[in-house]
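Let's take a friendly walk through a protein model. Have a look at the sequence and structure here before reading on.

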Amino acid sequence: MSARRIACRVACLLGPTASGKTAAALAFAQRRPVEIISVDSALVYRGMDIGTAKPTQEERALAPHHLIDIIDPTESYSAAQFRNDALRLVAQIEQRGGIPLLVGGTMLYYMALTRGLNDLPEANPDVRAELDAEAARDGWPAMHARLMLVDPETAARLAPNDSQRIQRALEVHILTGRTLSAILKDPKKTQESEPEFVPIALEPSDRSVLHARIEKRFDEMLKAGLIEEVEALRARGDLTPTMPSMRCVGYRQVWEYLDREVDYPTMRDKGVFATRQLCKRQLTWLRSIDNRKIVDCTAEGATEAALEQIQRVIEG
């Protein structure tokens, strides 16, 4: 007997931080036999639970979760790796009769999954060394300004100190003569068996409501032990603030606080601000997806509306 063909439509519940993605996904898991595939670049790290708002063990018991706690904070995980892993998981879940549901807010992962990254060049050590030298001399905000001149669309999605992604975007432009944003819009090279990923976007009609949620949640993280979590990570002795894991929102600000570069109120305010900036970038990515199904995440009944959209995708 031949293997079951991958379903043609897979629901992808996307949204900025604090938009209610996890609550909606878990609510749907109580209705249908779903397996959740995380679309989140921070949830991949083991030992980083509080600051990433990782689903609890109790929540993960409601449905199988994938691509959570898969690497050590010293390691890296690329969008290309995510694409390969997600396609493999979707096929496996379908073959065992489950329903795959992608949930998260790392839009670069979603773009890689749906548009492919086949035309992106491999990392070039010489170009990266040159860019690192320029950044050491001028600073990453200056490199961000440089990126704004050649690829304003990508620059608008990145924070001025997001060294990893600024470097990659500049590297792509140097190596190919094209912008990262343009390459990501190229027609996707797909295989016939790949499913259609249908984006369901949790977007706020009133951004101030989302900002209030973000502030409340960051305060709750601090009360839950975020500082102690970062202290434990620092105590390992093999992590640095320049690593992708420690540049995650919240962890970077707490690391500065533990280095006594800022006081507690400043750390708290910088953490809230950085999370709001992340939210802004996520919404910029989201709004570039033309075929998305929009759910107002700040409206009453948002969770139920999201569940209805997921059901429609599955019933296809």
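Gly15 sits in the loop between strand 1 (9–14) and helix 1 (21–29), where helices (H or I, at least four residues) and strands (E, at least two) are DSSP runs numbered from the N terminus. This is a predicted model, in which local features need pLDDT of at least 70, side-chain atom pairs count only at pLDDT 80 or more, and totals for chains, interfaces and linings use all residues. Residues are numbered from 1 along each chain as its sequence is written, and side-chain values use heavy atoms, leaving out hydrogens and water.

Is Gly15 buried or exposed? With 0% relative accessibility, Gly15 counts as buried (under 20% relative accessible area; exposed is over 50%, partly exposed in between, with a 1.4 Å probe and protein chains only). Leaving aside residues up to four places away in sequence, Gly15 touches residues including Met107, Gln282 and Leu286 (contact means heavy atoms within 4.5 Å).

Ser19 lies in the loop between strand 1 and helix 1 too, and is buried at 5%.

## One face of helix 6

Which residues of helix 6 (residues 140–150) are buried? They are Trp140, Met143, His144 and Leu147. Seen down the axis of helix 6, these buried residues fall within an arc of 105°, so they line one face of the helix; the arc is that of the directions from the helix axis to the C-beta atoms. An α-helix has 3.6 residues a turn, so residues three or four places apart point the same way.

The buried residues of helix 6 pack against helix 5 (125–138), helix 7 (152–156) and helix 8 (163–176).
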